[in-house]
Amino acid sequence: MLHLFTALFVAAVLEPRFAVTADVQLVVPSSPSSQNVVASNFFGISFELSFMNEYFGNDTDTIPQAMLNYLSQIRSRTGSNDVRIRVGGNSGDVSTYVPTQASPMLILTDPDANSNSQPVNYGPMLWEVMEKVSEEVNGVQYLIGLTINTTNTDSVIAGDATKFLGNHLDAMLLGNEPDLYTAHDQRPNVVNYTVDDYIGEYSAALHDISNTTAGDLTNGHNVAGPTVCCDWDLATLLDQGYLSNFTNVLKYITLQHYPQNNCFGSYQYQLVYYTQHGNLVDLAAWQKPGINIITGNTTGGAPRMLMSEFNSASCGGIPGISDTFAVGALWSIDYALQLASVGYTAAYIHTREQGISYNLVTPPNVSEINTGPWTTDPPFYALIATAEILASSNGIIVNDLNVSTDVNATIGGYAIYDATNSSLNRIVLFNYGTDSIEFRLPSGIKATNPTNATVKYLSASSITEKYEIAWGEQTFLGAGDGKPISANTSNGWAYANQSVDCSNGCNITAPGPSLSVVFLDSPSSSSHKSSSGSMSIFGRRSIVMGSGVALIWTFVLLWIFE
């Protein structure tokens, strides 16, 4: 073995083709091309109304500490910005609000209903619990779903929610996926539910919430819609009167969209689809003409774009795909950053009842949520990593670096700029492959602290891994209380943070599979701290660039001194 090591080392030194050169030369613009500013709390959580009790208990006395710990992990990374939570979904459109209902805060009313739209009775206790959660974690802002299919209910729901949530009520979503009302038989007396029908119902709902116990709730620009997902064209809807009629009350223009569905036991895309960065670029371009209408209006008070629900596949995800490191963690971050780069203000990843493959975390049975161990699933790592990527008191602008022109490339990268001075705060590198790739960051970048950059890794043992996952030397594996523990960086799937001098350019080795984040701003917290370790050898691979295959034969030897 020693002779083999010596031979490889000599070959690396003497043979030019074994020189330590970068596989990918990054081209980093000196300033961002976009003007879309996002905050550290860009990435939020969407909870299906029917199953809120599985995560938050039955009343203010039974909120699980583990759930509070999970949310606190996000909140500790968002600076002055509250955690974003949306409460609603399909069940929000078919459930009944009971103003006198206390504990339990939710009661399932039709156990035989479609599993993707289970109605409940709920009451003010839901808002009391949500406000208590906000107090416990030092800040949560809520999107809440209101139905537009029951006359004179919205005024009561909106009034109670405003009473209990106060300033923590971000906005009210009127209706949910109206473009599917006909397909889902939610308007049985309407043969073909149209945009005109929807605009009429939306107007009626607005009239409802203009007269509540909390006053006229249309005055504060805290209403959102249309929350279409599938069949309607956003630009057409906006032009047909939605925007002109409701601009004065709208805070957000909302969409919901998944790359595919698993509603009928079959699906179109396999795991490899999610590992190819170009596919999510195309996905984020859905409804681009409508998005351009909204992002093109930069006047104060104009509604902003918001993705109120997404995940890897609708109707609960796909086991073996949605619950993997590649999709739940890497793809979720990649897609969130892509949405930030094309004009969205926020995006909410959806979670449902226990046993659903795309969930963020897995609680124990309802009877044990305050005592039993919780399991952290891949998407939760995406939430905390993204919050750190987007951290800034000035706001952030995200640019896709377009690191490869090959539609099948399994690499991606973003530049993260400070919104005030356009300095480069971070570089984000994705490697969905099994072997390492070296990226070259050029010299001359405008960064706050390039001489003492820190590289943090989100990594796992394989793209299909579910639990052996680490971010920045920490993991939730073996921790059942929502608090991370130190990861063993010699186990082959967790990597120590690295210090790099990028003042004259630098090479960043991205292990496979992983997310590598280069922090080029001043390291201001222990979450960015550098750690020393032992010698690390990352394997290399052949990578596809453009229309050909570049065979990269290099030997990388990194010595980290104590």
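Predicted model: local features only at pLDDT ≥ 70, side-chain atom pairs only at ≥ 80, totals over all residues.

Student: What makes Cys-229 and Cys-230 a disulfide?

Tutor: The sulfur atoms of Cys-229 and Cys-230 are 2.3 Å apart. The cut-off is within 2.5 Å, so the pair counts as a disulfide. In general, a disulfide is a covalent bond between the sulfur atoms of two cysteines.

Student: Why is the disulfide of Cys-229 and Cys-230 called left-handed?

Tutor: The torsion about its S-S bond is about -100 degrees, and the disulfide is therefore left-handed.

Student: Why are helix 5 and helix 6 called roughly parallel?

Tutor: Helix 5 (residues 125-137) and helix 6 (residues 154-165) pack at an angle of about 25 degrees. Angles under 35 degrees count as roughly parallel, so the term applies to helix 5 and helix 6. Their axes are 9 Å apart, and the crossing is right-handed.

Student: Which residues make the contact between these helices?

Tutor: Helix 5 contributes Trp-127, Glu-128, Met-130 and Glu-131, while helix 6 contributes Ile-157, Asp-160, Ala-161, Phe-164 and Leu-165. By class, this contact has 6 nonpolar, no polar and 3 charged residues.

Student: What makes strand 1 and strand 24 edge strands?

Tutor: They belong to an open sheet of 3 strands with the order 1-18-24 and mixed pairing. Strand 1 (24-25) and strand 24 (506-510) each pair on one side only.

Student: How do you know that strand 1 and strand 18 pair?

Tutor: At least two bridges are required, and strand 1 and strand 18 (residues 437-441) have 2 bridges, so they pair, in the parallel sense. Gln-25, for example, has Arg-440 of strand 18 as its bridge partner.

Definitions and conventions
Residues numbered from 1 in each chain as written. Heavy atoms only, no water. Axes fitted to C-alpha atoms, helices over the stretch in contact; angles between N-to-C directions. Helix = DSSP H or I, 4+ residues; strand = E, 2+ residues; numbered from the N terminus. Parallel < 35°, antiparallel > 145°, perpendicular 65-115°, else oblique. Left-handed = near helix turned anticlockwise from the far one by under 90°. Contact = heavy atoms within 4.5 Å. Nonpolar A, V, L, I, M, F, W, Y, C, P; charged D, E, K, R; others polar.
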